[in-house]
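User: Could you take me through this structure one feature at a time, giving the general idea and then the case at hand?

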Amino acid sequence: MSTVDISALLYLVCAVLFIFSIRGLASPETARQGNKIGIFGMALAAATTLFLVKDNLDGATFGLIAGGVVVGGGVGAVLATRAPMTAMPQMVGMFNALGGLASLLVALAAFYAPASFGLLGAEGTIAPRSLIEMSLSVLIGAITFSGSLIAALKLNGSISGGPILLPLRHVINLLIAVGIVALIAITANSNGAQSGGGMLLIWIALLALIFGITLVIPIGGADMPVVVSMLNSYSGWAAAALGFTLSNFALIVVGAIVGASGAILSYIMCKAMNRSFISVIAGGFGGDDAG
Amino acid sequence: TINPLIFRLAVFVLAAFIGYYVVWAVTPALHTPLMSVTNAISAVVVVGAIVAAAASALGSPDPDIVQKVWTAKWLGAGAVALACVNIFGGFMVTNRMLAMYKKKERPAPTEAASPSAQNK
């Protein structure tokens, strides 16, 4: 069996572990065990990936990865230990923001080194399909980042928890959405790095960052946990889009599972709070009773 | 043979259905920990980050390509760090929430109230 095949099988094990983990969190008897299974699944996913890229693991590369794990893991551990229990929802929101930003960076990396990911065609161009997938990862990653950050700040009381209604917000949102769709269409036909460099993706990222803010800022603070759950779903979809770009089984499967379960969880949370799912999510689009 | 893209699409759609069905039975008190653990799991993007950090110029001597590959590697390393904040923070925060939940629920009601506990 090739390295790729073995990795795919190990990723399949990871996906099953993550399903058990999420399932475990559904009931009190199995919740703690579920969390442990999730940790084990994540460790296996990372180890499998190191195995997958073992031929490229020279000293410098290993240093970059190990450095990232030590710095990121350390910061995450300190934040998670020090935060007061009352601040947990905003911590989850902030962690989610960083996860979204990570997808954005990976999509940019795939754009800058397409040959390394097998994305470079015979004529030295990137296929429109891959460019669309990268654009979507950048788009969803950026919305997740700025939206989650606003949600975390609202939960923390750093900015007003009340709905902040910008004048002409429907027009603004519509213009941004049209701009993003246009940019994705241009990117898809740009052949990749040869024409336009990475600037098109950067523009998509900038517009999406603003979009994340304008979508979340009109929603009231009491609905923020639902919004965080919804944005958590987005980060799953962003990971799945990356999975298509990188032909990575773990990202496609786990991204889809997290994407769907996050969306359903936000629906369930709305029902538990006796809120209308549509009016919460549509708050950013103009639901009048949001907040 | 199936077009790989169609195969991936099939896997993607079926996985989304698993995600759809797996969370319906959640106890209301566990909403936030469940959200927290799925958030930690969404940091599986660390897989893509490691792949990006391990990008290679594939022996190309072209300085432009080499420079772009290094850009990709640093973007990947940054993504590894961000995803690891999410992973470590996410699972540890979940653990803290569950520890609190357990202490609260320990005195009697869980054992007496749930028939499922007796079945096990």
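**Salt bridges and their surroundings**

Analyst: Let us begin with a charged pair: the side chains of Arg129(A) and Glu133(A) form a salt bridge, at 2.8 Å from N to O, where a salt bridge is a side-chain nitrogen of Lys or Arg within 4 Å of a carboxyl oxygen of Asp or Glu. This is a predicted model, in which local features need pLDDT of at least 70 and side-chain atom pairs count only at pLDDT 80 or more, while totals for chains, interfaces and linings use all residues. Residues are numbered from 1 along each chain as its sequence is written, chains are lettered from A and ligands numbered from 1 in the order in which they are written, and side-chain values use heavy atoms, with hydrogens and water left out.

User: Why are Arg129(A) and Glu133(A) separated by about one helical turn?

Analyst: An α-helix has 3.6 residues a turn, so residues three or four places apart point the same way. Here Arg129(A) and Glu133(A) are four residues apart in helix α5 of chain A, and are therefore about one helical turn from each other; helices (H or I, at least four residues) and strands (E, at least two) are DSSP runs, numbered from the N terminus.

User: Is Glu133(A) buried or exposed?

Analyst: Burial is read from relative accessible area: buried means under 20%, exposed over 50%, and partly exposed in between, with a 1.4 Å probe and protein chains only. Glu133(A) is buried because its relative accessible area is 9%, whereas Arg129(A), at 36%, counts as partly exposed.

User: How many salt bridges are there over all chains?

Analyst: The count over all chains comes to three. One of them joins the side chains of Arg275(A) and Asp223(A), at 2.7 Å from N to O. That pair links distant parts of the chain, 52 residues apart, with Arg275(A) in the loop between α9 (249-272) and α10 (277-281) of chain A and Asp223(A) in the loop between α7 (199-216) and α8 (224-246) of chain A. Asp223(A) is buried at 2% relative accessibility, while Arg275(A) is partly exposed at 24%.

User: What is the arrangement of Lys68(B) and Asp64(B)?

Analyst: Both Lys68(B) and Asp64(B) lie in helix α4 (residues 63-105) of chain B, four residues apart, about one turn of the helix, and their side chains meet in a salt bridge of 3.8 Å, N to O. Lys68(B) is partly exposed, with a relative accessible area of 24%, and Asp64(B) is partly exposed too, at 40%.

User: How many residues of α5(A) are buried, and how far apart should its ends be?

Analyst: The expected span of a helix is 1.5 Å times one less than its number of residues. Helix α5 of chain A (residues 128-156) has 29 residues and should therefore span 42 Å, which agrees with the 41 Å between its end C-alpha atoms. This helix is mostly covered, with 21 of its 29 residues buried, and Gly157(A), which follows α5(A), has a positive phi near 80 degrees.

User: Which residues other than glycine have a positive phi?

Analyst: Most residues other than glycine have a negative phi, and most peptide bonds are trans. Another is Asn274(A), whose phi is positive, near 60 degrees; Asn274(A) is in the loop between α9 and α10 of chain A and is exposed, with a relative accessible area of 74%.

User: What does the chain B model contain?

Analyst: Chain B has six helices and zero strands, and buried residues make up 50% of its 120 residues. The chain exposes about 5900 Å², of which carbon and sulfur atoms supply 69%; accessible areas come from the Shrake-Rupley method with a 1.4 Å probe, and for residues only the protein chains shown count as cover.
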